[in-house]
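Good morning, colleagues. Please look at the structure on the screen while I speak about its salt bridges.

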Amino acid sequence: MSQYRTFTAQDAVAYAQQFGGLENPSSLVEAQEVGDGNLNLVFKIFDSEGVSRIIVKQALPYVRCVGESWPLTLDRARLEAETLVEHYQHSPQHTVKIHHFDPELAVMVMEDLSSHKIWRGELIGNVYYPQAARQLGEYLAHTLFHTSDFYLHPHAKKARVAQFINPEMCEITEDLFFNDPYQIHERNNYPAALENDVAALRNDDHLKIAVASLKHRFFSQAEALLHGDIHSGSIFVADGSLKAIDAEFGYFGPIGFDIGTAIGNLLLNFCGLPGHLGIRDAAAGREQRLIDIQQLWTTFAERFQVLAAEKSRDAALCVPGYASEFLKKVWQDAIGFCGTELIRRSVGLSHVADIDTIQDDEMRHECLRHAITLGKALIVIADRIDSVDALVARVRQYS
Ligand SMILES: Nc1ncnc2c1ncn2[C@@H]1O[C@H](COP(=O)(O)OP(=O)(O)O)[C@@H](O)[C@H]1O
Ligand SMILES: CSC[C@H]1O[C@H](OP(=O)(O)O)[C@H](O)[C@@H]1O
C-alpha cells in the first residue's frame with residue numbers, strides 16, 4: 001500500500017531533520033511553503049536563527065495551478081530527482097544537488113539555493129549577470145553531450161532511455177506546445193484583444209505543418225537526457241554562479257528542445273522589457289538579451305565540439321566533422337522549438353511574468369503580439385536562419 005501523504009510544514013521539518021544530512025539536524029525548527037511554480041510543494045526549512053538551510057520538495061498527485069481536476073503522476077518526482085542527479089554528475093557547478101529522494105512519498109531533499117535568485121525575476125528587474133548565459137551554455141553542453149550517443153555505450157544509452165521514459169509529463173509538453181495554441185481549446189489563455197492574432201495561428205496551414213514536424217521530432221528523437229523545461233524560472237543565478245533546478249520534464253529528446261526553450265525565454269524577456277523599463281533602459285536590456293543568446297549558443301556549440309573531439313566513444317560518430325554537422329540540425333531544431341515556446345507562453349495555459357506582470361493593458365497586448373509574431377516567423381523560416389548572427393538579425397527585423 002502506498003505511504004504517500006501530502007506533507008504539512010511540520011512533516012517537512014521532521015523529514016529534513018531525518019534526511020537532510022546536516023550535522024545538527026535538531027537545529028531545524030520551522031518550514032515555510034514557498035512554491036510558486038505550476039506543479040509542486042516546495043518547503044524552505046529554517047534553523048532556530050531563522051536561516052533557511054535546506055529544501056524539501058514534494059509532488060502533489062495533481063497539477064497545483066489547476067487543482068485536483070487535473071491528476072498527474074507522482075512518478076514525476078523520481079524523474080526530476082534522477083534527471084538532476086544525472087545532470088549533477090556531468091555539470092556539478094551548474095546543477096542543484098539532490099541529497100535524498102523517496103519515490104513513495106514523491107519527495108526530495110535538496111541543496112538550499114536561497115543565496116541565489118531566480119533568473120527570470122532578475123531579467124525583469126534589469127539586473128545583469130554577465131556570466132549567466134555562458135554558464136547555461138556550459139550546463140547544456142556537458143549534460144547533453146554526456147547523455148548522448150556520442151558518449152554513452154549503446155546498451156547504457158538504451159537503458160537510460162528506458163529509465164527516463166516520461167509519458168505523462170511529455171504529454172503536457174506535447175499538448176501545450178504543439179496542439180493547444182493552434183486550435184480552440186479551453187486551456188488557452190489570452191486577452192480578447194488578441195482574438196484575431198490567435199485565429200491567424202489556427203488558420204495558417206504552413207505554420208501548422210512546421211509545428212507538426214517539430215512535434216514529430218519531440219516524439220521521436222531520443223538524442224540526450226533533456227532538462228525538458230529549462231526556462232529562466234528554472235534557473236538560479238548569483239554573482240558568478242548559475243544552477244538549474246526543476247527537471248521533472250526530463251526525458252530523452254531532441255537536444256534543440258532544451259536550447260530552444262532557453263533562448264525562447266530570453267526572447268520573451270526581450271519582448272516584455274518595454275513594459276517594465278523606460279525607452280533607453282529597455283533598449284539596453286534588449287541588447288544584453290541578444291548578447292546572452294549569442295553567448296549561450298556559442299558556448300554550447302564550442303564546448304559540445306570540444307567534448308565530441310576529446311571524448312566521443314562511438315566509432316562512427318567520432319569521425320572529424322560529424323559533430324559540427326549534427327550541431328547544424330540541433331540549431332535548426334532550436335530555432336523552431338524557440339518559436340513554439342514564444343507562442344505557447346503568449347496564448348496557452350502557462351504564461352511568463354516577463355509579459356504577464358506588465359500593468360498597462362495596451363502595452364501588455366503589444367508585447368504579446370510581438371512574441372507571437374516573432375515565434376511564428378522563427379518556426380516558419382527556421383531553415384533560413386543558419387547562424388546565431390542570423391537569428392539576432394531576424395529578431396531586430398521583427399522588433
Ligand atoms: N533548491 C532551492 N533553493 C531555494 N529555493 C528553491 C529551490 N527549489 C525551488 N525553490 C523555490 O521554489 C520555487 C518553485 O520551485 P520549482 O522547482 O520551480 O517548482 P515547480 O516544480 O512547482 O515548478 C522556486 O521558484 C524557488 O523560489
Ligand atoms: C500544467 S504545467 C504548465 C507548465 O508548467 C511548467 O512550468 P513550471 O512548473 O516550471 O512553472 C511547464 O513549463 C509546463 O508546461
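**Salt bridges in the model**

Glu 195 is partly exposed, at a relative accessible area of 31%; here buried means under 20% relative accessible area, exposed over 50%, and partly exposed in between, with a 1.4 Å probe and protein chains only. Its partner in a salt bridge is Arg 202, with 3.2 Å between the closest N and O atoms. Arg 202, at 18% relative accessibility, counts as buried.

This is a predicted model, in which local features need pLDDT of at least 70 and side-chain atom pairs count only at pLDDT 80 or more, while totals for chains, interfaces and linings use all residues. Residues are numbered from 1 along each chain as its sequence is written, and side-chain values use heavy atoms, with hydrogens and water left out.

A salt bridge is a side-chain nitrogen of Lys or Arg within 4 Å of a carboxyl oxygen of Asp or Glu. How many salt bridges does this rule give? The count is 25.

One of them joins Lys 57 to Glu 80, with the closest N and O atoms 2.9 Å apart. Lys 57 belongs to strand S3 (residues 52-59) and Glu 80 to helix H2 (residues 75-90), so the pair ties together parts 23 residues apart in sequence. Helices (H or I, at least four residues) and strands (E, at least two) are DSSP runs, numbered from the N terminus. Lys 57 and Glu 80 are both buried.

Let us turn to helix H11 (residues 322-347), where Glu 341 and Arg 345 are four residues apart and therefore separated by about one helical turn. Their side chains meet in a salt bridge at 3.0 Å, N to O. Glu 341 is buried at 0% relative accessibility, and Arg 345 is buried at 6% relative accessible area.

Note on methods. Chains are lettered from A and ligands numbered from 1 in the order in which they are written.
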